[in-house]
Amino acid sequence: MKQHASTRRLALALAAAFAAPLAVAATPPREVAPRYDASSHVFRLDAGKVTYAMGVDPDGRLQTLYWGARLAADDPLGPATPAPERSSFDPKGALSRQEYAGWGGNITAMPALKVKFDDGNRDLILRYDSYRIDHGALAILMRDVKAGVDVTLRYTADPATGVIGRSARIENKSTQALTIDSAAAATWSLPSGSDYSLRYLTGTWAGEWHLQTRAITQGATVLESRRGSTGDENNPWFAINRGGAWNEEHGDVWFGALAWSGSWQIRVDEDILGQVRVTGGFNPFDFGYRLKPGESLDTPVFYGGYTADGMGEASRLLHRFEKASVLPHGEQAKLRPVLYNSWEATEFKVDEAGQEQLAERAAKLGVERFVVDDGWFGARNSDHAGLGDWTVNRTKFPNGLKPLIDKVHTLGMSFGLWVEPEMVNSDSDLYRAHPDWVLNFPDRQRSEGRNQLVLNLAREDVKAHVFEVLDRLLAENDIQFLKWDYNRNWSEPGWPQMSPDEQQKVYVAYTRNLYDILRRLREKHPGVEIESCSGGGARVDLGVMALTDEVWPSDNTDASDRLSIQDGFSQAYAPATMMSWVTGSPTWVNNRAMSLDFRFLSSMQGGLGIGANLLTWSEADNTTARHYITAYKAIRTTVQRGDLYRLLSPQNRAAWSATSSVSTDRKQAVLFAFQRQGEEARAFPTLRLQGLDPVARYRMRFIHGAAVPGTPEVASGAYWMAHGVDLLIKGDFDAAGAVFEAP
Ligand code: DGJ
């Protein structure tokens, strides 16, 4: 895989940090140099508009001193002092804001790491030992006081956004085996206060990305997935505001996202002193990772950021970081092509003639990528059979996929194919041959979801098989895109081939092997792009994002529901990654009818796709579609690579929704506005744009809709931002889209 330069730099820096002896290497100019002040024993990371500081207290605890707006280089920070004894119940140090606390000694705060040694000892006291800085990455070695365990804490800081990356390597240095009961990637600490609130994302199939807000009070809030994969019940992202009022443009926001696609947990605690801690990493539920002497475990990376400029800026910082430093190819990533996918049109009834017919229609509209979804392989005529048998179904495609692929290419489109490589139907040749390959506990039931079982990717033979199958598929067929689906949770997560005390390693090994397969496929087939889909948006996180080019946020393609889904998604993830299809009306989801205009404008807020049955579209529909696809191509760089501003929130079934995207050079802005429901002849709210160059003059033109009479065509950025624009939007499911361009 061709890694983007800055991702590669981060990876190299981390690799070097662990390979190199304790020495300070020359720092390349663009890297942020962490600083260490030996007199106060304080470490400092300054990046973007953020300063992050930690100090070693006299007992050797590494404590968070500061995380917030950037401070002057010579501002005093530290020294760290242990939390004083409050009472016999809260002795000295028990509530100190430790960066990474082991569970041991008198600690009462939430620990980041809990282990048990084979001899029964469960005490772990991590104290500062040493540090090294290499290529901008800081590594701090924490040691158990009895030399049982070493923990190396890694820190990177992105100079552009101030996003800090934190993770830990846990090494068994003792002479006996131990089991890790829980291991976080990091604990983020905020100073004491009683006015914090939390935002997080909840969801379910076809109803992902609901934005929730709750006050942080004393006690804990647990966000998690115990499902084996990221899940959609919660997403591994959080934002914390201080001061009570959530605002898109103003206010302190701390935010974070975990780069892990297995079971995870982010726990937000407020202790009795009002100190807020966010501890995240592997989900401790059913966790148990055994380390023999000399073995180690790396946690995922937990990224965190801060802004004083409200929730909108928090999202933009995260989006910028994802685009530049997480996604494969970073800034050089290709724009998402306009895609057609046949799933909603044909479901499992795919065949050569039908797909060719759809491809011809799609090409005429200006579609750039044609994707054959589920149903092309094995005995896959429904979701009851065939998963695992990745050979072309010769009844549906008598001559293999080649004729269709050639046809799609002749029509000027790239070709994509659906796969669900981690799953197997019990009615499949693969399962009949290898019933032991699935997650299971011997002699217990094997619970199915959508008639399928989960292959145990933690097994090396299963991993090798999955890689080989996909490698062959890509080698034998001229494929440019894989939609990688994953349609159920884990159940009975046993790994009977391992000894009982090693079996729970499945939670880590499975996900790492998934990443390894993706990484190697990308390396071997650099021209192939991949979408992460999990029955919709159940596997979206910064871990999988580093190895895929786009994600599918939801199976819910109802253009009105999508406004909320996309808004929730955008809190954490960049529109550059978010695919959105225009599908049929009325929708299968709600039986709701919406105009093609409304459906297109809703989908144009991300990577545009079409999932409707094009054979049912009239010539008028085709003309409309051509109009929007042409318009989209002229604005997609702005939508996908620019900055997103959320102007009106569609959350909580609000009547209105509006966003604008501004190109990085601020020469183009795109405005989308939607009304779900008209009431009492009320006018649509005046929309004031954001992020424009106040002195540049922008000409407004409409993709669809109009402004109220008297609105100027050309005005300054200041005018559009301060005075704003009033749109003529009336009635249910009406929408407008406008482009603002400066010469
Ligand atoms: C779930 C996906 O989210 C859908 O888009 C579709 O690919 C189906 N699976 C196919 O089984």
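Visitor: What share of the contacts with a separation of 6 or more comes from residues 24 or more positions apart?
Guide: This is a predicted model. In the protein chain, 68% of those contacts join residues 24 or more positions apart.

Visitor: And how many helices and strands are there?
Guide: The protein chain has 13 helices and 36 strands. Its radius of gyration is 26 Å, close to the 27 Å from the globule rule for 743 residues, so the chain is as compact as a globular protein of that length. The C-alpha trace spans about 75 × 70 × 50 Å along its principal axes.

Visitor: Turning to the interior, what percentage of the residues is buried?
Guide: Of the 743 residues in the protein chain, 62% are buried. The largest nonpolar core contains 151 residues, and those with the most contacts inside it are Ile 180, Ile 240, Trp 376, Phe 600, Met 604 and Ile 610.

Visitor: Which helix gives the most to this core?
Guide: Helix H8, residues 506-524, does, with ten residues. Another core, of 29 residues, lies apart from the largest one and includes Val 163, Trp 237, Val 326 and Met 578.

Visitor: What does Ile 240 touch, leaving aside residues up to four places away in sequence?
Guide: Among its partners are Leu 190, Tyr 196, Leu 198, Ile 216, Trp 246, Trp 254 and Val 268. Ser 197 and Asp 252 also touch Ile 240.

Methods. Residues numbered from 1 in each chain as written. Predicted model: local features only at pLDDT ≥ 70, side-chain atom pairs only at ≥ 80, totals over all residues. Heavy atoms only, no water. Helix = DSSP H or I, 4+ residues; strand = E, 2+ residues; numbered from the N terminus. Rg over C-alpha atoms; globule rule 2.2 N^0.38 Å. Buried < 20%, exposed > 50% of the residue type's maximum accessible area, 1.4 Å probe, protein only. Contact = heavy atoms within 4.5 Å. Core = buried A, V, L, I, M, F, W, Y, C linked by side-chain atoms within 4.5 Å.
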